[in-house]
Amino acid sequence: MASVNDLPDSVLLEIFSYLPVRDRIRISRCGRSSGGTPGTGSAEAPIRFPAGVVLTAGPLPRVCHRWKRLVDDRWLWRHVDLTLYTMRPKVMWHLLRRYMASRLYSLRMGGYLFSGSKAPQLSPALMRALGQKCPNLKRLCLHVADLTTVPITSLPSTLRTLELHSCEISMSWLLKEQDPMVLPLLECIVLDRVPAFRDEHLQGLTRFQALRSLVLGGTYRVTETGLDASLQELSYLQRLEVLGCTLSADSTLLAVSRHLRDVRKIRLTVGGLSASGLAYLEGMPALESLCLQGPLITPEMPTPAQIISSCLSMPKLRGLEVQGLGWEGQEAEQILRKGLPHCMVIVRACPKESMDWWM
């Protein structure tokens, strides 16, 4: 069993990076409540970390001093996930002032949009403070957040990735009439179960000239006509996901073939996908990765042989992923791999929960 005093700071920092925020702060106080006056304890206490790692803490006050210094290290606060907690504004402001400063690169947080919840919502002041105090913040992921009173202009201008998961937005968000200088560096936007998002918002994304990746998950108000019109102006997109929407796969691929000639990665739900729809992608000059996601195979669904035929016409395709179609471990999987020897073929039983497969 190793003693904590035997490990260099760099190793401890790496271990601490796997701990939730609350536990990081707690370990910085290790030994203060050990039953004695600080500076007098000498017992060694075992500290248990994720994955079964156990360290002997050594003399507690000494460890407390060292671990407090390590927890204060800004390297440890590059990536912060606060979605595990219902956090009062006072605590959030303390974290922002005390720990999340210039080193913060990515932040996940929730707005507590639950039925009957009395928890506070995210505020424009907090968003503006993030932009002022965290100039290197590139990725912001908001979960279950009420953003109806938060203008998009208050978001940090340094963002390159914005993820909205089960969030409420106001009708003024993402409209084309917004200030064109809002989020000038935005390269990726994920809209996952955002009920208010509709065609007008999709068309408003065209003002983000740096945008290269777009994820639409469960955006049931987006129509086929709206998607086609918007992709015409978003011709510079390189990655597109359309998952769990009311759009048919055939109509989506038709719009892609018309307007996104530079698209490199596509992921979509196979609802409404036919062999003729998949054929729209034939000859796509830049497509490198294609993911077809279940949950069900329909009678119109292309056969493995038809998928191979279409994929062979894509000159740069190097990755094919099939999820949730019931093909894993069956003859279809072997046919795909044999017919596409130049591609990495992945067949999964169920769709991955994460939307970060291309990040």
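The model is predicted, with local features requiring pLDDT of at least 70 and side-chain atom pairs counted only at pLDDT 80 or more, while totals for chains, interfaces and linings use all residues. Residues are numbered from 1 along each chain as its sequence is written, and side-chain values use heavy atoms, leaving out hydrogens and water.

Strands (E, at least two residues) and helices (H or I, at least four) are DSSP runs numbered from the N terminus, and two strands pair if DSSP finds at least two bridges between them.

Within strand 12 (residues 265-269), select Ile266. Ile266 has a relative accessible area of 2% and is buried (buried means under 20% relative accessible area and exposed over 50%, with partly exposed in between, for a 1.4 Å probe and protein chains only). Val256 lies 10 residues from Ile266 along the chain, and their C-alpha atoms are separated by 9.3 Å.

Now move to helix 10 (residues 304-312), where Pro304, Ile307, Ile308, Ser310 and Cys311 are buried. These residues cover an arc of only 165° around the axis and therefore lie on the same side of helix 10; the arc is that of the directions from the helix axis to the C-beta atoms. Ala305 and Leu312, on the other side of helix 10, are exposed. The buried residues of helix 10 pack against helix 9 (275-278), strand 13 (289-293), strand 14 and helix 11, where contact means heavy atoms within 4.5 Å.

Finally, select helix 4 (residues 89-98) and helix 5 (residues 124-133), which pack at an angle of about 10° with axes 11 Å apart. Axes are lines fitted to C-alpha atoms, for helices over the stretch in contact, and angles run from 0 to 180 degrees between N-to-C directions. Helix 4 and helix 5 are therefore roughly parallel (angles under 35 degrees). Met92, Trp93, Leu96 and Arg97 of helix 4 meet Ala125, Leu126, Ala129, Leu130 and Lys133 of helix 5.

Note on methods. Angles under 35 degrees count as roughly parallel, over 145 as roughly antiparallel, 65 to 115 as roughly perpendicular and the rest as oblique.
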